[in-house]
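Please look over the sequence and the structure shown here before reading on.

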Amino acid sequence: MRIDIVTIFPEFFDVLDLSLLGKARQSGLIELGVHNLRDHTHDRHRTVDDTPYGGGAGMVMKPEPWGDALDSILGDAPAADEGPTIIFPSPAGEQFTQATARELAEESHLVFGCGRYEGIDQRVVDHYATRGRVRLISLGDYVLNGGEVAVMAMIEAVGRLIPGVVGNPQSLVEESHEDGLLEYPSYTKPNEWRGLSVPPVLLSGNHAAIAAWRHEQQLERTRLVRPDLLAEPVESPAP
Ligand SMILES: COC(=O)COc1cccc(COC(=O)c2cn[nH]c2)c1
């Protein structure tokens, strides 16, 4: 997978040289390009923003630098259906979920555009929607100062699903949201810690009982913490 990021803070993504994603880049599983939006300005002050038409507080990111930057990445990319998926993190976007991560992990080329200030001139979104799949994606109902943190989170969530990035693919299956439920609690040695012991079923060696206990724990946790994930209320087991 090829990932390109456009940002006014390129150094923010130096951290992607580390850990799993760093290894994935060394092994060629993920190819990363980080582009400084200011390199696509043509004035002495490398201006990327201006005051909003219609008034209001804050500044809006100018369309020209974005056009220059995205054109340099897309080149003369073919029509929308074969072009890359262009993602703008935005509080006004569709909700990012594990299903979104799985979808994006199937793509061959992702381009992330990090907005700042009050946002990017809408015409950038409208123009590139004719040249690639454009998606505004929200991490949650809160506002960040810019898209960089959201892009980092999405790259991690997507990157770890790419075959070969995570050592043991089985570990991707048994985790929160993969089966629509929150994950069960985990324990490791020592058996006793600060007066707290490990649920005996986990030491029983009875794999059917362990699986049943884990599923019940998932249901209980999901019912308590995220009832919205359950299609309808789960009947609590007969007393
Ligand atoms: C076309 O896209 C844009 O104009 C995006 O503009 C902005 C403006 C300010 C901040 C951000 C960063 O995203 C979030 O705040 C965000 C994402 N998820 N939840 C909160 C993006």
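Which residues are linked with Asp4 in a network of salt bridges? The network joins Arg2, Asp4 and Glu31, where a salt bridge is a side-chain nitrogen of Lys or Arg within 4 Å of a carboxyl oxygen of Asp or Glu. The model is a predicted one, in which local features need pLDDT of at least 70 and side-chain atom pairs count only at pLDDT 80 or more, while totals for chains, interfaces and linings use all residues. Residues are numbered from 1 along each chain as its sequence is written, and side-chain values use heavy atoms, with hydrogens and water left out.

Side chains of opposite charge can pair when their charged atoms come close. One of the pairs is glutamate 103 with arginine 135, at 2.6 Å from N to O. This pair links distant parts of the chain, since glutamate 103 belongs to helix α3 (residues 98-105) and arginine 135 to strand β7, 32 residues apart; helices (H or I, at least four residues) and strands (E, at least two) are DSSP runs, numbered from the N terminus. Arginine 135 counts as buried because its relative accessibility is 16%, whereas glutamate 103, with a relative accessible area of 41%, is partly exposed; buried means under 20% relative accessible area, exposed over 50%, and partly exposed in between, with a 1.4 Å probe and protein chains only. Another salt bridge joins aspartate 17 to arginine 25, with the closest N and O atoms 2.5 Å apart. Aspartate 17 is partly exposed at 45% relative accessibility, and arginine 25 is likewise partly exposed at 28%.

In soluble globular proteins, nonpolar side chains tend to be buried together. A nonpolar core is a set of buried Ala, Val, Leu, Ile, Met, Phe, Trp, Tyr and Cys residues joined through side-chain atoms within 4.5 Å. The largest such core here has 30 residues, of which Ile3, Ile5, Leu16, Phe96, Phe112, Ile155 and Val158 touch the most other members. At least two residues of this core come from each of β1, α1 (19-26), α3, β6 and α5, and α5 gives the most, with seven residues. A second, separate core of 17 residues includes Ile8, Leu74, Val111 and Val124.

Helix α2 (residues 63-74) can be followed from end to end. Its 12 residues should span 16 Å at 1.5 Å a residue, and because its end C-alpha atoms are 16 Å apart, the two values agree; the expected span is 1.5 Å times one less than the number of residues. Among the buried residues of α2 are Trp66, Leu70 and Leu74. The buried residues of this helix pack against several elements, including β1 (2-7), β5 (85-95) and α4 (122-128). Just after α2, glycine 75 takes a positive phi of about 60 degrees.

Last comes an annotated site. In an unreviewed UniProt entry, the annotation "binding site" covers Gly115, Leu139, Gly140, Asp141, Tyr142, Val143 and Leu144; such annotations may be inferred rather than shown by experiment. Glycine 140 lies in the loop between β7 (133-138) and α5 (148-159), and valine 143 is placed in the loop between β7 and α5. Glycine 140 counts as buried because its relative accessibility is 15%, whereas valine 143, at 68%, counts as exposed.

Key: Contact = heavy atoms within 4.5 Å.
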